[in-house]
Amino acid sequence: MATSTSFLLQRSAPARPGILTLLALATVGQAAPAPQDDALQSQLVARCEVAMETGRLEGLVVVVQVGDTVLLERGWGRLPGSELAAPDTLFRAEALVEPLVGWTAMHLAEADSLSEESMLHQLLPGPFPEESWAKRPVTVQHLMNHTSGLIGWASSLPSDGKVTTESLVLRVAELGIESEPGSCFDYSESNGLVLGAIVEKVSGMSVANAVQARVLARLELEDTGWTSDGPPKNTGDHGAAREFAGQLVDAPEGVHPFAEDQFCSTTADLAALLRALGQGKVVRKSTLEKMLTERTLNGGAPIGVGYGLNFASIDEVDGFSIGGSAEGTTIHVAHYPESDVTIACLAAHPEAALIPLERDLTRLALGLALPGATNVLLPPEDAMKVKGRYQVGCTTLEVSVQKDGTVVLASADAGERVLDYRGAFQFVAHSDGDVRFEFVVPEGGDHATVLRMNDHGRYSEAIRVP
(Lines give C-alpha, C1' and ligand atoms only; values in the text may rest on other atoms or scores of the structure.)
Protein backbone atom coordinates (compact mmCIF):
# COMPACT_ATOMS: atom_id res chain seq x y z
CA MET A 1 0.00 0.00 0.00
CA ALA A 2 1.30 3.45 -0.88
CA THR A 3 0.61 6.45 1.28
CA SER A 4 1.27 10.14 0.95
CA THR A 5 2.74 13.07 2.77
CA SER A 6 2.44 16.79 2.16
CA PHE A 7 6.18 17.28 2.83
CA LEU A 8 5.29 20.04 5.31
CA LEU A 9 7.00 21.07 8.54
CA GLN A 10 7.59 24.50 10.06
CA ARG A 11 6.51 27.71 8.39
CA SER A 12 9.38 29.70 6.94
CA ALA A 13 7.37 32.59 5.52
CA PRO A 14 4.73 34.93 6.98
CA ALA A 15 1.15 33.74 6.67
CA ARG A 16 -1.06 35.50 4.14
CA PRO A 17 -4.84 36.01 4.34
CA GLY A 18 -6.32 32.53 4.22
CA ILE A 19 -9.47 30.74 3.25
CA LEU A 20 -11.32 31.90 6.37
CA THR A 21 -11.09 35.53 5.30
CA LEU A 22 -12.08 34.60 1.78
CA LEU A 23 -15.15 32.72 2.96
CA ALA A 24 -16.23 35.78 4.89
CA LEU A 25 -15.76 38.00 1.84
CA ALA A 26 -17.07 35.67 -0.83
CA THR A 27 -20.52 36.34 -2.25
CA VAL A 28 -22.60 34.26 -4.58
CA GLY A 29 -21.93 35.20 -8.17
CA GLN A 30 -18.82 37.28 -7.45
CA ALA A 31 -17.01 37.11 -10.78
CA ALA A 32 -13.37 36.54 -11.58
CA PRO A 33 -11.52 39.17 -13.65
CA ALA A 34 -11.62 37.20 -16.91
CA PRO A 35 -14.61 37.97 -19.18
CA GLN A 36 -16.77 35.33 -20.79
CA ASP A 37 -15.96 35.57 -24.48
CA ASP A 38 -15.02 33.41 -27.39
CA ALA A 39 -11.29 33.99 -26.86
CA LEU A 40 -11.42 32.72 -23.27
CA GLN A 41 -13.47 29.69 -24.23
CA SER A 42 -11.00 28.91 -27.00
CA GLN A 43 -8.16 29.04 -24.47
CA LEU A 44 -10.02 26.70 -22.12
CA VAL A 45 -10.79 24.25 -24.92
CA ALA A 46 -7.21 24.34 -26.18
CA ARG A 47 -5.85 23.51 -22.73
CA CYS A 48 -8.26 20.57 -22.41
CA GLU A 49 -7.29 19.25 -25.84
CA VAL A 50 -3.62 19.41 -24.89
CA ALA A 51 -4.46 17.35 -21.78
CA MET A 52 -6.30 14.82 -23.97
CA GLU A 53 -3.32 14.46 -26.30
CA THR A 54 -0.43 14.49 -23.83
CA GLY A 55 -2.26 12.28 -21.32
CA ARG A 56 -3.45 9.87 -24.03
CA LEU A 57 -6.93 10.05 -22.57
CA GLU A 58 -9.79 8.10 -24.11
CA GLY A 59 -12.27 10.56 -22.67
CA LEU A 60 -12.41 13.87 -20.78
CA VAL A 61 -15.23 15.95 -19.29
CA VAL A 62 -14.67 19.48 -17.98
CA VAL A 63 -16.96 22.03 -16.34
CA VAL A 64 -15.62 25.56 -15.75
CA GLN A 65 -17.92 27.91 -13.87
CA VAL A 66 -17.54 31.45 -12.48
CA GLY A 67 -20.45 32.41 -10.26
CA ASP A 68 -23.61 31.36 -12.08
CA THR A 69 -21.92 31.66 -15.46
CA VAL A 70 -20.75 28.44 -17.12
CA LEU A 71 -17.64 29.20 -19.19
CA LEU A 72 -17.16 25.64 -20.42
CA GLU A 73 -19.24 22.47 -20.11
CA ARG A 74 -18.02 19.88 -22.57
CA GLY A 75 -16.80 16.33 -23.11
CA TRP A 76 -14.35 14.68 -25.47
CA GLY A 77 -14.22 10.98 -26.39
CA ARG A 78 -15.76 8.22 -24.28
CA LEU A 79 -15.67 6.97 -20.69
CA PRO A 80 -15.15 3.33 -19.61
CA GLY A 81 -18.02 1.16 -20.80
CA SER A 82 -18.21 3.18 -24.06
CA GLU A 83 -20.32 5.85 -22.41
CA LEU A 84 -20.17 9.19 -24.24
CA ALA A 85 -18.04 11.66 -22.28
CA ALA A 86 -20.47 14.45 -21.42
CA PRO A 87 -21.22 16.65 -18.38
CA ASP A 88 -24.41 14.69 -17.64
CA THR A 89 -22.95 11.19 -18.20
CA LEU A 90 -23.36 8.99 -15.13
CA PHE A 91 -20.16 7.36 -13.86
CA ARG A 92 -19.03 5.45 -10.78
CA ALA A 93 -17.48 7.89 -8.28
CA GLU A 94 -16.59 5.68 -5.31
CA ALA A 95 -13.51 7.78 -4.56
CA LEU A 96 -15.79 10.57 -3.33
CA VAL A 97 -17.58 8.53 -0.66
CA GLU A 98 -14.70 9.11 1.78
CA PRO A 99 -14.94 12.94 1.78
CA LEU A 100 -18.73 12.76 1.85
CA VAL A 101 -18.50 10.67 5.03
CA GLY A 102 -16.36 13.44 6.53
CA TRP A 103 -18.90 16.11 5.63
CA THR A 104 -21.69 13.99 7.12
CA ALA A 105 -19.71 13.65 10.34
CA MET A 106 -19.41 17.45 10.52
CA HIS A 107 -23.15 17.71 9.97
CA LEU A 108 -23.66 15.38 12.94
CA ALA A 109 -21.31 17.59 14.96
CA GLU A 110 -23.46 20.62 14.10
CA ALA A 111 -26.42 18.77 15.63
CA ASP A 112 -24.35 17.98 18.76
CA SER A 113 -24.64 14.28 17.96
CA LEU A 114 -20.89 13.87 17.57
CA SER A 115 -17.83 15.59 18.99
CA GLU A 116 -14.61 15.96 17.03
CA GLU A 117 -12.71 15.32 20.27
CA SER A 118 -14.47 12.03 21.04
CA MET A 119 -12.17 9.00 21.09
CA LEU A 120 -12.48 5.60 19.46
CA HIS A 121 -12.91 3.71 22.69
CA GLN A 122 -15.81 6.02 23.58
CA LEU A 123 -17.59 5.71 20.24
CA LEU A 124 -16.78 2.11 19.25
CA PRO A 125 -15.96 0.31 22.50
CA GLY A 126 -16.53 -3.11 20.93
CA PRO A 127 -13.59 -3.22 18.51
CA PHE A 128 -11.65 -0.53 20.43
CA PRO A 129 -11.93 -1.46 24.16
CA GLU A 130 -10.99 1.19 26.70
CA GLU A 131 -8.40 -0.96 28.47
CA SER A 132 -6.16 -0.97 25.41
CA TRP A 133 -7.24 2.10 23.40
CA ALA A 134 -7.51 4.74 26.12
CA LYS A 135 -3.71 4.78 25.99
CA ARG A 136 -3.87 5.46 22.25
CA PRO A 137 -6.19 8.50 22.17
CA VAL A 138 -7.33 8.53 18.53
CA THR A 139 -10.06 11.16 18.05
CA VAL A 140 -12.58 11.89 15.31
CA GLN A 141 -10.43 14.84 14.33
CA HIS A 142 -7.42 12.55 13.85
CA LEU A 143 -9.49 10.34 11.53
CA MET A 144 -10.62 13.28 9.42
CA ASN A 145 -7.12 14.75 9.12
CA HIS A 146 -5.33 11.41 8.51
CA THR A 147 -3.16 11.86 11.59
CA SER A 148 -4.56 8.91 13.57
CA GLY A 149 -1.61 6.60 12.95
CA LEU A 150 -4.00 3.72 12.15
CA ILE A 151 -2.51 1.08 9.87
CA GLY A 152 -4.25 0.61 6.52
CA TRP A 153 -6.59 -2.37 6.51
CA ALA A 154 -5.57 -3.28 2.94
CA SER A 155 -2.21 -4.41 4.31
CA SER A 156 -3.74 -7.64 5.58
CA LEU A 157 -6.84 -8.67 3.63
CA PRO A 158 -7.92 -12.32 3.60
CA SER A 159 -6.99 -14.14 0.40
CA ASP A 160 -10.59 -15.06 -0.35
CA GLY A 161 -11.71 -11.42 -0.12
CA LYS A 162 -14.68 -12.34 2.08
CA VAL A 163 -14.94 -9.34 4.35
CA THR A 164 -17.59 -7.07 5.82
CA THR A 165 -17.37 -3.57 7.22
CA GLU A 166 -17.47 -5.04 10.71
CA SER A 167 -14.65 -7.47 10.00
CA LEU A 168 -12.56 -4.69 8.46
CA VAL A 169 -13.02 -2.48 11.52
CA LEU A 170 -12.02 -5.38 13.76
CA ARG A 171 -8.95 -5.92 11.59
CA VAL A 172 -7.99 -2.24 11.98
CA ALA A 173 -8.27 -2.60 15.75
CA GLU A 174 -6.07 -5.71 15.65
CA LEU A 175 -3.43 -3.97 13.53
CA GLY A 176 -3.25 -1.05 15.97
CA ILE A 177 -1.32 2.13 15.24
CA GLU A 178 2.10 2.70 13.73
CA SER A 179 2.66 6.23 15.06
CA GLU A 180 1.46 8.33 17.98
CA PRO A 181 -1.90 10.00 17.16
CA GLY A 182 -1.26 13.52 15.89
CA SER A 183 2.45 12.98 15.28
CA CYS A 184 2.42 11.99 11.57
CA PHE A 185 0.38 12.93 8.50
CA ASP A 186 -0.18 9.90 6.25
CA TYR A 187 -3.04 8.65 4.17
CA SER A 188 -4.63 5.47 5.51
CA GLU A 189 -7.89 4.05 4.19
CA SER A 190 -8.59 2.93 7.77
CA ASN A 191 -9.44 6.51 8.73
CA GLY A 192 -12.41 6.69 6.36
CA LEU A 193 -13.48 3.17 7.26
CA VAL A 194 -13.59 3.80 11.01
CA LEU A 195 -15.16 7.25 10.57
CA GLY A 196 -17.90 5.64 8.46
CA ALA A 197 -18.55 3.08 11.20
CA ILE A 198 -18.88 5.96 13.68
CA VAL A 199 -21.31 7.80 11.38
CA GLU A 200 -23.44 4.66 11.11
CA LYS A 201 -23.56 4.19 14.89
CA VAL A 202 -24.28 7.84 15.73
CA SER A 203 -26.83 8.42 12.97
CA GLY A 204 -28.54 5.05 13.37
CA MET A 205 -28.52 4.48 9.61
CA SER A 206 -26.20 3.23 6.89
CA VAL A 207 -23.51 5.51 5.49
CA ALA A 208 -25.41 5.69 2.20
CA ASN A 209 -28.62 6.80 3.91
CA ALA A 210 -26.80 9.21 6.23
CA VAL A 211 -24.95 10.91 3.35
CA GLN A 212 -28.14 11.04 1.32
CA ALA A 213 -30.20 12.53 4.16
CA ARG A 214 -27.66 15.01 5.51
CA VAL A 215 -25.77 16.10 2.39
CA LEU A 216 -27.22 15.14 -0.98
CA ALA A 217 -30.91 15.71 -0.17
CA ARG A 218 -30.16 19.36 0.63
CA LEU A 219 -28.97 19.96 -2.94
CA GLU A 220 -31.51 17.98 -4.99
CA LEU A 221 -28.83 16.28 -7.07
CA GLU A 222 -30.97 13.70 -8.83
CA ASP A 223 -28.03 12.03 -10.61
CA THR A 224 -25.82 11.61 -7.54
CA GLY A 225 -26.19 8.81 -5.03
CA TRP A 226 -26.13 5.05 -4.51
CA THR A 227 -27.55 2.87 -7.25
CA SER A 228 -26.95 -0.65 -8.53
CA ASP A 229 -28.25 0.42 -11.95
CA GLY A 230 -25.37 2.77 -12.73
CA PRO A 231 -22.95 2.50 -15.66
CA PRO A 232 -21.15 -0.81 -16.17
CA LYS A 233 -18.02 -1.39 -14.14
CA ASN A 234 -14.71 -1.37 -15.92
CA THR A 235 -13.43 -4.91 -15.61
CA GLY A 236 -9.80 -3.94 -16.27
CA ASP A 237 -7.30 -4.04 -13.42
CA HIS A 238 -6.92 -0.29 -12.97
CA GLY A 239 -6.60 -0.08 -9.18
CA ALA A 240 -7.93 2.84 -7.19
CA ALA A 241 -6.61 6.02 -5.60
CA ARG A 242 -7.70 8.95 -3.48
CA GLU A 243 -6.77 12.59 -3.91
CA PHE A 244 -4.76 13.48 -0.86
CA ALA A 245 -2.71 16.62 -0.21
CA GLY A 246 -2.41 17.48 -3.88
CA GLN A 247 -1.74 14.08 -5.43
CA LEU A 248 -3.26 10.65 -6.02
CA VAL A 249 -2.30 7.92 -3.55
CA ASP A 250 -3.08 4.21 -3.73
CA ALA A 251 -6.25 2.88 -2.13
CA PRO A 252 -7.56 -0.69 -1.95
CA GLU A 253 -9.53 -2.05 -4.87
CA GLY A 254 -11.85 -5.04 -4.78
CA VAL A 255 -13.28 -4.41 -1.30
CA HIS A 256 -15.93 -1.71 -1.04
CA PRO A 257 -17.01 -0.65 2.45
CA PHE A 258 -20.37 1.14 2.59
CA ALA A 259 -21.20 0.05 -0.99
CA GLU A 260 -18.72 2.62 -2.34
CA ASP A 261 -18.71 0.90 -5.74
CA GLN A 262 -22.41 1.72 -6.17
CA PHE A 263 -21.98 5.47 -5.69
CA CYS A 264 -22.53 7.36 -8.97
CA SER A 265 -22.55 10.97 -10.09
CA THR A 266 -22.03 13.27 -13.08
CA THR A 267 -19.37 15.91 -13.68
CA ALA A 268 -22.00 18.65 -13.69
CA ASP A 269 -23.36 17.45 -10.33
CA LEU A 270 -19.88 17.42 -8.78
CA ALA A 271 -19.32 21.04 -9.78
CA ALA A 272 -22.66 21.94 -8.17
CA LEU A 273 -21.82 19.89 -5.07
CA LEU A 274 -18.51 21.57 -4.31
CA ARG A 275 -19.81 25.05 -5.04
CA ALA A 276 -22.76 24.43 -2.72
CA LEU A 277 -20.32 23.42 0.03
CA GLY A 278 -18.48 26.72 -0.42
CA GLN A 279 -21.77 28.62 -0.21
CA GLY A 280 -22.73 27.07 3.13
CA LYS A 281 -25.52 24.92 1.68
CA VAL A 282 -24.05 21.62 2.88
CA VAL A 283 -22.76 22.63 6.29
CA ARG A 284 -22.84 26.01 8.01
CA LYS A 285 -20.29 28.62 6.97
CA SER A 286 -18.81 28.45 10.49
CA THR A 287 -18.44 24.67 10.13
CA LEU A 288 -16.74 25.07 6.76
CA GLU A 289 -14.33 27.57 8.30
CA LYS A 290 -13.45 24.96 10.91
CA MET A 291 -12.97 22.34 8.19
CA LEU A 292 -10.57 24.66 6.37
CA THR A 293 -8.60 25.92 9.35
CA GLU A 294 -4.99 24.81 8.93
CA ARG A 295 -4.20 21.97 11.32
CA THR A 296 -0.83 21.08 12.77
CA LEU A 297 0.89 17.99 14.07
CA ASN A 298 1.89 17.65 17.71
CA GLY A 299 5.19 19.38 16.96
CA GLY A 300 3.56 22.31 15.15
CA ALA A 301 3.99 21.17 11.52
CA PRO A 302 1.10 22.23 9.23
CA ILE A 303 -0.78 19.58 7.25
CA GLY A 304 -2.33 19.80 3.79
CA VAL A 305 -5.86 18.52 4.36
CA GLY A 306 -8.89 19.57 6.39
CA TYR A 307 -12.02 17.69 7.36
CA GLY A 308 -12.66 15.72 4.16
CA LEU A 309 -11.06 18.39 1.93
CA ASN A 310 -7.70 19.10 0.32
CA PHE A 311 -6.35 22.63 0.53
CA ALA A 312 -5.67 24.38 -2.80
CA SER A 313 -4.07 27.71 -3.69
CA ILE A 314 -3.20 29.48 -6.94
CA ASP A 315 -1.31 32.78 -6.88
CA GLU A 316 -2.65 33.54 -3.37
CA VAL A 317 -6.22 32.60 -4.30
CA ASP A 318 -7.23 29.92 -1.79
CA GLY A 319 -9.68 27.10 -2.26
CA PHE A 320 -10.31 23.39 -1.67
CA SER A 321 -10.71 20.21 -3.69
CA ILE A 322 -11.76 16.56 -3.67
CA GLY A 323 -10.99 13.71 -6.04
CA GLY A 324 -9.54 10.29 -6.69
CA SER A 325 -9.76 7.41 -9.13
CA ALA A 326 -11.56 4.09 -9.53
CA GLU A 327 -13.11 1.98 -12.29
CA GLY A 328 -10.64 3.41 -14.83
CA THR A 329 -11.62 7.06 -14.29
CA THR A 330 -10.00 9.95 -12.41
CA ILE A 331 -11.96 12.78 -10.78
CA HIS A 332 -10.80 16.20 -9.58
CA VAL A 333 -13.10 19.01 -8.46
CA ALA A 334 -11.96 22.36 -6.99
CA HIS A 335 -13.70 25.49 -5.73
CA TYR A 336 -12.21 28.94 -4.97
CA PRO A 337 -14.69 30.94 -2.85
CA GLU A 338 -13.05 34.36 -3.27
CA SER A 339 -13.87 34.51 -6.99
CA ASP A 340 -16.56 31.79 -6.93
CA VAL A 341 -14.63 29.71 -9.47
CA THR A 342 -15.48 26.00 -9.74
CA ILE A 343 -13.67 23.48 -11.93
CA ALA A 344 -14.78 19.84 -12.30
CA CYS A 345 -12.76 17.34 -14.36
CA LEU A 346 -13.33 13.68 -15.20
CA ALA A 347 -10.94 11.59 -17.31
CA ALA A 348 -11.06 8.07 -18.72
CA HIS A 349 -7.68 7.15 -17.27
CA PRO A 350 -6.77 5.72 -13.84
CA GLU A 351 -3.90 8.19 -13.27
CA ALA A 352 -4.83 11.25 -15.32
CA ALA A 353 -2.98 14.47 -14.45
CA LEU A 354 -6.13 16.43 -13.68
CA ILE A 355 -4.74 18.58 -10.87
CA PRO A 356 -2.32 20.51 -13.16
CA LEU A 357 -5.12 20.77 -15.75
CA GLU A 358 -7.52 22.22 -13.18
CA ARG A 359 -4.96 24.75 -11.99
CA ASP A 360 -4.36 25.97 -15.52
CA LEU A 361 -8.10 26.22 -16.21
CA THR A 362 -8.52 28.17 -12.95
CA ARG A 363 -5.73 30.56 -13.96
CA LEU A 364 -7.45 31.19 -17.28
CA ALA A 365 -10.80 31.75 -15.57
CA LEU A 366 -9.11 34.22 -13.20
CA GLY A 367 -7.39 36.04 -16.04
CA LEU A 368 -3.93 34.87 -14.97
CA ALA A 369 -1.10 33.81 -17.26
CA LEU A 370 -0.20 30.15 -17.51
CA PRO A 371 3.20 29.27 -16.04
CA GLY A 372 5.97 29.05 -18.60
CA ALA A 373 8.72 26.46 -18.84
CA THR A 374 12.09 28.14 -18.21
CA ASN A 375 14.27 25.17 -17.37
CA VAL A 376 18.01 25.74 -17.17
CA LEU A 377 20.85 23.27 -17.05
CA LEU A 378 21.94 22.16 -13.57
CA PRO A 379 25.77 22.23 -13.43
CA PRO A 380 27.27 18.86 -12.38
CA GLU A 381 29.04 20.43 -9.39
CA ASP A 382 25.72 21.86 -8.14
CA ALA A 383 24.01 18.52 -8.67
CA MET A 384 26.34 16.98 -6.12
CA LYS A 385 25.42 19.69 -3.62
CA VAL A 386 21.69 18.94 -3.66
CA LYS A 387 21.94 15.14 -3.63
CA GLY A 388 21.24 13.45 -0.32
CA ARG A 389 18.63 12.63 2.30
CA TYR A 390 16.42 15.20 4.03
CA GLN A 391 14.04 14.72 6.95
CA VAL A 392 10.63 16.41 7.36
CA GLY A 393 8.46 15.16 10.22
CA CYS A 394 8.19 11.38 9.92
CA THR A 395 9.21 11.37 6.26
CA THR A 396 12.65 10.92 4.71
CA LEU A 397 13.14 12.54 1.29
CA GLU A 398 15.80 11.22 -1.07
CA VAL A 399 17.17 13.63 -3.68
CA SER A 400 18.99 11.95 -6.57
CA VAL A 401 20.37 13.11 -9.92
CA GLN A 402 20.01 10.96 -13.03
CA LYS A 403 22.68 10.65 -15.74
CA ASP A 404 20.97 13.29 -17.88
CA GLY A 405 21.00 15.77 -14.98
CA THR A 406 17.35 15.34 -14.03
CA VAL A 407 16.75 15.85 -10.29
CA VAL A 408 14.31 13.45 -8.64
CA LEU A 409 12.75 13.84 -5.19
CA ALA A 410 11.45 10.58 -3.71
CA SER A 411 10.05 9.15 -0.51
CA ALA A 412 8.78 5.74 0.49
CA ASP A 413 5.35 7.28 1.08
CA ALA A 414 4.79 9.52 -1.93
CA GLY A 415 6.88 7.98 -4.70
CA GLU A 416 8.97 10.09 -7.08
CA ARG A 417 8.73 13.69 -8.28
CA VAL A 418 10.81 15.10 -11.11
CA LEU A 419 12.07 18.63 -10.36
CA ASP A 420 12.70 21.27 -13.03
CA TYR A 421 15.65 23.58 -12.34
CA ARG A 422 15.12 27.34 -12.36
CA GLY A 423 18.62 28.44 -11.30
CA ALA A 424 20.15 29.51 -7.96
CA PHE A 425 19.34 26.08 -6.42
CA GLN A 426 15.61 26.64 -7.00
CA PHE A 427 13.30 24.04 -8.57
CA VAL A 428 9.62 23.45 -9.32
CA ALA A 429 7.78 20.14 -9.52
CA HIS A 430 7.59 19.05 -13.16
CA SER A 431 3.94 18.01 -12.74
CA ASP A 432 2.85 21.14 -10.84
CA GLY A 433 4.61 24.51 -11.12
CA ASP A 434 2.93 25.71 -7.92
CA VAL A 435 5.09 23.34 -5.85
CA ARG A 436 8.50 24.99 -5.41
CA PHE A 437 11.76 23.88 -3.81
CA GLU A 438 14.86 25.74 -2.70
CA PHE A 439 18.09 24.13 -1.49
CA VAL A 440 20.05 26.20 1.02
CA VAL A 441 23.78 25.82 0.40
CA PRO A 442 25.98 27.73 2.88
CA GLU A 443 28.62 29.95 1.29
CA GLY A 444 31.65 27.81 0.58
CA GLY A 445 29.75 24.63 1.55
CA ASP A 446 29.88 21.41 -0.43
CA HIS A 447 26.24 20.42 0.09
CA ALA A 448 22.80 21.83 0.95
CA THR A 449 21.82 21.78 4.61
CA VAL A 450 18.11 22.62 4.25
CA LEU A 451 15.42 21.95 1.65
CA ARG A 452 12.71 24.63 1.71
CA MET A 453 9.36 23.80 0.15
CA ASN A 454 6.37 25.89 -0.87
CA ASP A 455 3.36 23.70 -1.63
CA HIS A 456 0.69 26.12 -2.91
CA GLY A 457 1.39 28.65 -0.18
CA ARG A 458 2.14 26.20 2.62
CA TYR A 459 5.77 26.38 3.69
CA SER A 460 8.02 23.75 5.22
CA GLU A 461 11.65 22.87 5.73
CA ALA A 462 13.43 19.52 5.57
CA ILE A 463 16.80 19.13 7.25
CA ARG A 464 19.65 17.25 5.60
CA VAL A 465 20.53 14.05 7.44
CA PRO A 466 23.56 11.72 7.12
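These entries cover a strand with its two partners, then a helix and its neighbours. A reminder to myself: this is a predicted model.

**Entry 1: cover on strand 1**
I began with strand 1, residues 59-66, and asked how many of its residues are buried. I found 8 of its 8 residues buried, so I noted the strand as mostly covered. In a regular strand the side chains alternate between the two faces of the sheet. I therefore checked each side separately, using under 20% relative accessible area as the cut-off for buried. On one side I listed Gly-59, Val-61, Val-63 and Gln-65, and on the other Leu-60, Val-62, Val-64 and Val-66; all are buried, and both faces are covered.

**Entry 2: partners of strand 1**
Next I looked up the pairing. I picked out Val-66, whose bridge partner in strand 2 is Thr-69. The hairpin of these two strands has 2 residues between them, and I saw that Gly-67 takes a positive phi near 60° there. Strand 12 (residues 341-347) also pairs with strand 1 in the antiparallel sense, over 7 bridges. There I noted Leu-346 as the bridge partner of Val-61.

**Entry 3: helix 9**
Which residues of helix 9 (residues 207-214) are buried? I wrote down Val-207, Ala-208, Ala-210 and Val-211. They lie on the same side of helix 9, because they cover an arc of only 165° around the axis. I then looked up what these buried residues pack against: helix 3 (97-110), helix 8 (189-203) and strand 5 (225-226).

Definitions and conventions: Residues numbered from 1 in each chain as written. Predicted model: local features only at pLDDT ≥ 70, side-chain atom pairs only at ≥ 80, totals over all residues. Heavy atoms only, no water. Buried < 20%, exposed > 50% of the residue type's maximum accessible area, 1.4 Å probe, protein only. Helix = DSSP H or I, 4+ residues; strand = E, 2+ residues; numbered from the N terminus. Arc of directions from axis to C-beta. Contact = heavy atoms within 4.5 Å. Pairing = 2+ DSSP bridges.
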